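Subject: The structure you asked about

Hi there,

Here is the structure for you to open alongside this note. Have a look at it first, and then read on.

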Amino acid sequence: MSTLGLDSFIDQAPALSIITGHYGVGKTNLALNLVKRWLPKSPNLRLIDLDIVNPYFRSSDSIEWLTANSVGLLGPSLAGTTLDAPALAHGIDEALRQASTDYPVLVDVGGDPDGARALARYSASILTHDYLLVYVANFNRPEVATPQSALELMRAIEAQSKLQTKAIIGNTHLKQLTTVEQVSSTLPALLELSELSGLPLICVTISEELALGLEAAIGGQHSLQVLPMVQMVKTPWEE
């Protein structure tokens with residue numbers, strides 16, 4: 001079962017897509033925004049939350065919104081409770097094996113190689129597909145603030161997960177403090193990461209209210225798609 005082309009990734013879910021990257025780059029918010037965007041064309045979409053490392057920002061924490069929109073969710077078995085333990089729900093292997101364009105699956109992975117250990121547990125099922133493993137880059141994170149350090153982390157995640165990265169998404173942000181200038185200023189680093197890794201750049205993200213400004217800033221310099229997003233993952237004091 002082949003994935004859809006990268007050109008259609010923003011608007012339609014591949015059979016099996018996986019989101020990886022460093023802690024705090026915004027993987028979960030990106031995953032939820034992709035779910036929201038894909039649902040009209042992919043009503044049978046399933047989301048697998050493999051974050052057993054960070055209990056604070058998980059896809060599973062949006063279970064009410066996901067349930068209200070009929071999104072199938074599999075993840076940490078104790079998510080949403082007052083307990084926290086690295087235990088994953090039953091049925092993940094089966095959901096991965098059954099992934100198809102009619103029943104697409106999106107996997108939100110915990111940060112860094114530590115988080116990729118959970119992904120390695122399911123690598124045999126994933127390798128039965130033409131999967132799309134996406135590395136999320138946020139150059140405002142100090143540990144991965146350069147193309148070289150981002151590439152090193154990407155390779156470490158690959159080694160731990162036993163899977164290969166297929167594409168990159170630029171997700172540089174500072175939440176509500178993000179500006180168009182801030183995101184556009186990191187485009188050279190993003191393009192360098194793409195060149196160093198030999199991987200295509202799917203898109204660059206920014207908030208909905210700043211999307212037109214970023215498109216204007218990019219202009220005709222690069223053939224980059226802009227993915228407008230809303231903040232779906234919030235800290236307790238932002239709720």
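Below is what came out of going through it, from the whole chain down to single residues.

First, the ground rules. This is a predicted model, in which local features need pLDDT of at least 70 and side-chain atom pairs count only at pLDDT 80 or more, while totals for chains, interfaces and linings use all residues. Residues are numbered from 1 along each chain as its sequence is written, and side-chain values use heavy atoms, with hydrogens and water left out.

The chain has nine helices and eight strands (DSSP runs numbered from the N terminus: helices are H or I with at least four residues, strands are E with at least two). Of its 239 residues, 51% are buried; here buried means under 20% relative accessible area, exposed means over 50% and partly exposed lies in between, with a 1.4 Å probe and protein chains only. Taking contacts with a separation of 6 or more, 74% come from residues 24 or more positions apart (contact means heavy atoms within 4.5 Å).

Five of its five residues are buried, so β2 is largely enclosed by the rest of the structure. Arg-46, Ile-48 and Leu-50 are on one side and Leu-47 and Asp-49 on the other. In general, side chains in a regular strand alternate between the two faces of the sheet. β2 pairs in the parallel sense with β3 (residues 72-74) over three bridges, and Ile-48 has Leu-74 as its bridge partner there. Five bridges join β2 to β4, also parallel, with Leu-50 opposite Val-109. Strands count as paired if DSSP finds at least two bridges between them.

Helix α4 (residues 112-121) has Asp-112, Gly-115, Ala-116, Ala-118, Leu-119 and Ala-120 as its buried residues. Their cover includes β1, β2, β4, α5, β5 and α6.

Asn-44 touches Asp-102, Tyr-103 and Pro-104, leaving aside residues up to four places away in sequence.

The ring centres of Phe-9 and Trp-38 are 5.3 Å apart and the planes are at 90 degrees, so the pair is edge-to-face. (Rings of Phe, Tyr and Trp, using the six-membered ring of Trp, pair if their centres lie within 6.5 Å; planes under 30 degrees apart are stacked, over 60 edge-to-face, the rest tilted.) Phe-9 lies in the segment before β1 and Trp-38 in helix α1, 29 residues apart, and both are buried.

Two residues other than glycine have a positive phi: Ser-70, near 60 degrees, and Lys-175, near 50 degrees. Most residues other than glycine have a negative phi. Ser-70 is in the loop between α2 and β3 and counts as exposed at 55% relative accessibility. Lys-175 is in the loop between β6 and α7 and is partly exposed at 33%.

Happy to go through any of this with you.

Best wishes
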